[in-house]
Amino acid sequence: MGPHPQTWLKTTPSGLYCEPGDFYIDPLRPVPRAVISHAHADHARPGHAAVLATQGTLAIMRTRMGAERAGGATQALAYNQPIKLGDVTVTLHPAGHVLGSAQIAMEYQGSRAVISGDYKRQPDPTCAPFEVVPCDVFVTEATFGLPVFQHPNPADEIAKLLASVALFPDRTHVIGCYALGKCQRLIGELRLAGYDAPIYLHGAHMPVCETYRVEGVALGELRAATVADKAALKGAIVLAPPSAIADRWARRMEDPVICMASGWMRIRQRAKAGGIELPLIISDHADWNALLTTIREVGAPEIWVTHGGEEALIHAASRLQIRARALRLIGYGDEDAQ
Ligand SMILES: [Zn+2]
Ligand SMILES: [Zn+2]
């Protein structure tokens, strides 16, 4: 192994900086050169002079922030295509999190670090599956880094939803979900389950769905949901941002069944407190077992842990003889909780 990654990956106020490559990873402030793992707002921020990311991530960034703010100069890099930045070879590998999401592998003088961004191991019909990349240091998220978090099979959660739709044909099922990733995955899972009726969307969910479609992800027929048409929405499935579930938008539907799709729905009190009648435990993050499986599979003797349950995962890693430490980067949040 070459120089330890801690000698060439530095924590700075702008985020993680790769010195021999002269670029930042998912920087928190505008920088000259950024490599971006995926388009969620806590990882992809506006105003960098140059941005390297997958085509999918760049397309979503343009949709969400406008072309000018998505990066002065942008460069799309396909998965598994090594590129040299300074003295560092950078390769993007699928992270299985949302469309375009990538793990960023960096090799410098024979040592390799992989920053996984956010990731999951469950199959997702709307993005490429996570790839295991052996490395010397693996940087992992720990959003659901506690043993209580065990995500069920999403098909079972979708079956629950469809059973409720069949049981209450005159009610409108309104599902709170985030605009990037969760929304499209729910649609994809519903289509996989054979649900081919139009799916209705709150206006905030339209643009990213359109980008997915342009990027080749088939979502079936989608229609705008407006409260004015609430009679037509009887029996329908409507996807809306969690904020619309919290406020009156969703409650103005006709006799709505309020649902929420999130890994946090594992916590019953959380669902109850949010007035969620039908919680769906569907997450785009690795659950506890998937975190452990992944740190074993990548075979890294050392892991650095970002946003989430650092302590529990660090403890579990040490029992597997893996060195582990928290990588405290201010500003990474969990999009599920924003
Ligand atoms: Zn994310
Ligand atoms: Zn994140």
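Some conventions are needed before going on. This is a predicted model, in which local features need pLDDT of at least 70 and side-chain atom pairs count only at pLDDT 80 or more, while totals for chains, interfaces and linings use all residues. Residues are numbered from 1 along each chain as its sequence is written, chains are lettered from A and ligands numbered from 1 in the order in which they are written, and side-chain values use heavy atoms, with hydrogens and water left out. Helices (H or I, at least four residues) and strands (E, at least two) are DSSP runs, numbered from the N terminus.

**Stop 1: helix α3**

Select residues 182-192, which make up helix α3. Of its 11 residues, 10 are buried; buried means under 20% relative accessible area, exposed means over 50%, and partly exposed lies in between (1.4 Å probe, protein chains only). Among the buried residues are K182, R185, E189 and R191, as well as L186 and I187.

**Stop 2: the open sheet**

Next, display the strands β7-β8-β9-β10-β11-β18-β19, which form an open sheet of seven strands in that order, with mixed pairing. Two strands are said to pair if DSSP finds at least two bridges between them. The edges are β7 (83-85) and β19 (323-326); each has a single partner strand, so one side of each is left without a neighbour in the sheet. On average, neighbouring strands are turned by 25° against each other, direction ignored. Such angles are taken between axes, which are lines fitted to C-alpha atoms (for helices over the stretch in contact), and run from 0 to 180 degrees between N-to-C directions.

Now select β18 (residues 302-308), which pairs with β19 in the parallel sense over four bridges.

Helix α8 (residues 288-298) touches β11 (137-142) and β18, and its direction makes about 175° with that of β11. Helix α9 (residues 310-319) touches β11, β18 and β19, its direction making about 160° with that of β18. Contact here means heavy atoms within 4.5 Å.

**Stop 3: strand β11**

β10 runs parallel to β11 and is joined to it by three bridges, with A113 opposite V137. β18 also pairs with β11 in the parallel sense, over five bridges, and T140 stands opposite V305.

**Stop 4: aromatic rings**

Show the side chains of Y119, F130 and F138, which form one aromatic cluster. Rings of Phe, Tyr and Trp (its six-membered ring) pair if their centres lie within 6.5 Å; planes under 30 degrees apart count as stacked, over 60 as edge-to-face and the rest as tilted. Y119 and F130 form a tilted pair, 5.0 Å centre to centre with 35° between the planes. Both Y119 and F130 are buried.

Then select R325 and W304: the charged end of R325 sits over the ring of W304, 4.4 Å from its centre. R171 is placed likewise over the ring of F168, 4.9 Å from its centre. A charge sits over a ring if NZ of Lys or CZ of Arg is within 6 Å of the ring centre and within 35 degrees of the ring normal.

**Stop 5: the nonpolar cores**

A nonpolar core is a set of buried Ala, Val, Leu, Ile, Met, Phe, Trp, Tyr and Cys residues joined through side-chain atoms within 4.5 Å. The largest has 43 residues, and those with the most contacts inside it are L161, I175, I187, Y212 and L239. A second, separate core of 24 residues includes F23, L85, A113 and V137.

**Stop 6: two loop residues**

Finally, select N80, in the loop between β6 (73-76) and β7. N80 is not a glycine, yet has a positive phi of about 65°. Q109, in the loop between β9 (102-108) and β10, also has a positive phi, near 45°. At 56% relative accessibility, Q109 counts as exposed, whereas N80, at 37%, counts as partly exposed.
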